[in-house]
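Reader: I am new to this structure. Please take me closely through one part, the place where the protein chains meet, and then what lies beside it.

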Number of protein chains: 2
Amino acid sequence: MKQLKDTSAEERILEAAKVVFMKYGLYGARMQDIADTAGINKALLHYYFRNKEKMFDKVFEGALQKYFQSVDVFGDTTLPIKERIFKYIDNIVSFLSEYPQMTMFIIKEISINPEMFKEKLQALKRGRTVRFIQALEEEMSAGKLRKIDPVMFMINLHSLCTYPFIAAPLFKHALKANGKDYEKDFSPEKLKQSAKNFVELTLGK
Amino acid sequence: MKQLKDTSAEERILEAAKVVFMKYGLYGARMQDIADTAGINKALLHYYFRNKEKMFDKVFEGALQKYFQSVDVFGDTTLPIKERIFKYIDNIVSFLSEYPQMTMFIIKEISINPEMFKEKLQALKRGRTVRFIQALEEEMSAGKLRKIDPVMFMINLHSLCTYPFIAAPLFKHALKANGKDYEKDFSPEKLKQSAKNFVELTLGK
DNA sequence: TTTGCATTTAACCAAATGGTTAAACCATTC
DNA sequence: GAATGGTTTAACCATTTGGTTAAATGCAAA
């Protein structure tokens, strides 16, 4: 089992909890596994974070915070629409390059236990997405953007930016067959460019 | 001849195992939970499927089988390229409409325990994807399709078809704010149409 | 040096969990 | 009716797991 060191115990525990919870989820994660990964005794976990759920909460809250930070740019009304979209692409792809498991973690845990996170989710969104969709519709009506289904556009945009990270293990496997180097196809820069192409292609310029 | 009950115990167990394993994964799932869901005694599980891992194997094998069935059409060289793509879109979207959690289940379990599934994955793919990408490249060279990065195209195509199901819980939450009925935006038919538009747009006609 | 406090540990504990066993049930066959 | 064999169950068992406790350690202030 991999160990983390060279930081305070509390930090090491949180970092280890992040790793283990992301991999196994709330139910699948084992306290002993977290302790081993952090390189400390199991009792320490309970000293710093009363119990498993409280520890999970800390980890999940941090994850949500960081995740929704990428989406916040949609609400920045000082920027023109397309720039907001491009910034979102840069944000989310860079973020997921660092934490490729984040999307699955958040979605899985929410779908397992929706009640647990209702308030937290409610606090994070304040109609950002819905308002942005309205802004899209307005520009389409004004003839500044091609008229398409704005909701489907948003879904597609998120899909292009997010799924490549989720499915990376499968893709790598499916594409590994001849001598070609497919790692480069997952480079963040290529993904960003591809998503931006999609935006230009569908919204017109 | 033995009379089939409308649902035999064994079938009910497998069905319950599917539900519970998909939700919690191998480590997170509890045998008692599976037994309760199936409405039988816990010992029955071990009677039909020796142990947890063997039961999981059965479930996972079935999942893989069904999942890769959707992709098989890429290898059907009797069909023109674009028709293969369109058929894949129809296949995968219809399949995921029925089992929205399938993608996450497969990817999660593989990423947790890659060794466990190496052989099974190896058996399922025989360069299908790689050969299809070569076919794409040939048609591009022949001027029949617009010249784009074929690997990125495949990644994008899968993303558009798959991610909407994965993220449905999040999307529904993010979009639920005014009186609009957003359920229709997740209709399989709309998704298929949107993915096909993407294909036409990027590969040219 | 000693006091006080945060940090750390080994040793436990009760409950949950995967798994076993032996017996009961029940329809069919002899 | 007895034997057969697949099906079902309650009662167990050993291990794992989340959580507790009391004592040890280190360290900074008095």
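Author: Start with a term. A salt bridge here is a side-chain nitrogen of Lys or Arg within 4 Å of a carboxyl oxygen of Asp or Glu. The model is predicted, so local features need pLDDT of at least 70, side-chain atom pairs count only at pLDDT 80 or more, and totals for chains, interfaces and linings use all residues. Residues are numbered from 1 along each chain as its sequence is written, chains are lettered from A and ligands numbered from 1 in the order in which they are written, and side-chain values use heavy atoms, with hydrogens and water left out.

Now the interface. By the rule, two salt bridges cross between chain B and chain A. B:K190 and A:D149 form a salt bridge through their side chains, at 2.8 Å from N to O. Polar contacts are counted too (N or O atoms in pairs within 3.5 Å; within protein, one must be able to donate a hydrogen and the other to accept it, and residues adjacent in sequence count only if both atoms are side-chain atoms). Between chain B and chain A, 10 residue pairs are in polar contact, both at pLDDT 80 or more.

Which parts of chain B touch chain A? Elements giving two or more residues include helix 1 (9-28), helix 4 (52-71) and helix 11 (188-203) of chain B. Helices are DSSP runs of H or I with at least four residues, numbered from the N terminus. Helix 9 of chain B gives the largest share, 11 residues. By class, this side of chain B has 31 nonpolar, 15 polar and 10 charged residues. Ala, Val, Leu, Ile, Met, Phe, Trp, Tyr, Cys and Pro count as nonpolar; Asp, Glu, Lys and Arg as charged; the others, Gly among them, as polar.

Contact means heavy atoms within 4.5 Å. In those terms, 56 residues of chain B are in contact with 56 residues of chain A.

Next, the DNA. A polar backbone atom of B:M31 is 2.9 Å from a phosphate oxygen of DNA strand C. Helix 3 of chain A gives the most to the surface near DNA strand C, four residues. That surface divides into eight nonpolar, three polar and three charged residues.
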